[in-house]
Amino acid sequence: MHTESDIPQALLFQSSWQRSWAALNLSPPDDLQQRLLAAYAEPQRHYHTQQHLAECLAHFDAVWEQAQRPGELAIALWFHDAVYDIKDKDNELRSAQWAEQALKDSGATEASLQRVSALIMATCHTAAPSDDDAKLLVDIDLAILGASPERFAEYDRQVAAEYAWVPRLVYGFKRKQVLRSFLERDFIYATPHLHQRLEQQARSNLQLATGG
């Protein structure tokens, strides 16, 4: 098992990219990885960055064998925050559309690109996913909630920086609402591996952050 700190980020990106497309028996456009990494490095991002992408990929590396269609899940992770405009409401949809087009250009089947699109849309976190791969992807996207207290505090600052344009009183109220919504769930993580590893720490982090 690897963690994001065990593997240099550039090496993690390269190994994940190659493994993901090999699992699909497809070859991506030559410039696609470069374009994606450039997107994750855009200046308006503070949390939804290459750091977040690397953390997600490292978590998935540890549970690759648990996925039903690991290549599709990995590509969904690569694209899940590919489009990120903090003031827009359709980032997941636009990210999914980019993934669909990239997969189509690479020769993927219609069924495959539709499954990847659905996985990306699951990261809207508007409803609990029923598909096993979607559960795994959502748990990985939310793994930050169960990070070390130091990393969670950094994440909290990073999210605040992305919403710097929102009045602080409004932001503070809305932010606590979001975090409490996770805390009020019967369980934060739906997959046994991540539930066992992260649930207790996530609840501790969230209680501290919400004052409850």
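This is a predicted model: local features need pLDDT of at least 70, side-chain atom pairs count only at pLDDT 80 or more; totals for chains, interfaces and linings use all residues.
Trainee: Where is Asn25 found?
Mentor: Asn25 sits in the loop between α1 (9-24) and α2 (32-40).

Trainee: What is its phi, for Asn25?
Mentor: The phi of Asn25 is positive, about 55°. And Asn25 is not a glycine.

Trainee: Is Asn25 buried or exposed?
Mentor: Asn25 is exposed. Its relative accessible area is 70%.

Trainee: OK, on to His125. Which loop is it in?
Mentor: His125 lies in the loop between α6 (110-121) and α7 (132-141).

Trainee: And what about phi of His125?
Mentor: Phi of His125 is near 60°. That is a positive value in a residue other than glycine.

Trainee: What is the relative accessible area of His125?
Mentor: For His125 the value is 21%. Buried means under 20% and exposed means over 50%, so His125 counts as partly exposed.

Trainee: New topic: Thr210. Where is that one?
Mentor: Thr210 is in helix α10, which covers residues 192-210.

Trainee: Buried or exposed, for Thr210?
Mentor: Thr210 is buried, with a relative accessible area of 3%. The cut-off for buried is under 20%, so Thr210 qualifies.

Trainee: Which residues does Thr210 touch?
Mentor: Leave out residues up to four places away in sequence, and Thr210 touches Lys176, Leu179, Arg180 and Leu183.

Trainee: What about the side chain of Thr210: which backbone oxygen lies 2.8 Å from a polar atom there?
Mentor: The backbone oxygen of Leu206.

Definitions and conventions. Residues are numbered from 1 along each chain as its sequence is written. Side-chain values use heavy atoms; hydrogens and water are left out. Helices (H or I, at least four residues) and strands (E, at least two) are DSSP runs, numbered from the N terminus. Buried means under 20% relative accessible area, exposed over 50%, partly exposed in between (1.4 Å probe, protein chains only). A polar contact is a pair of N or O atoms within 3.5 Å; within protein, one must be able to donate a hydrogen and the other to accept it, and residues adjacent in sequence count only if both atoms are side-chain atoms. Contact means heavy atoms within 4.5 Å.
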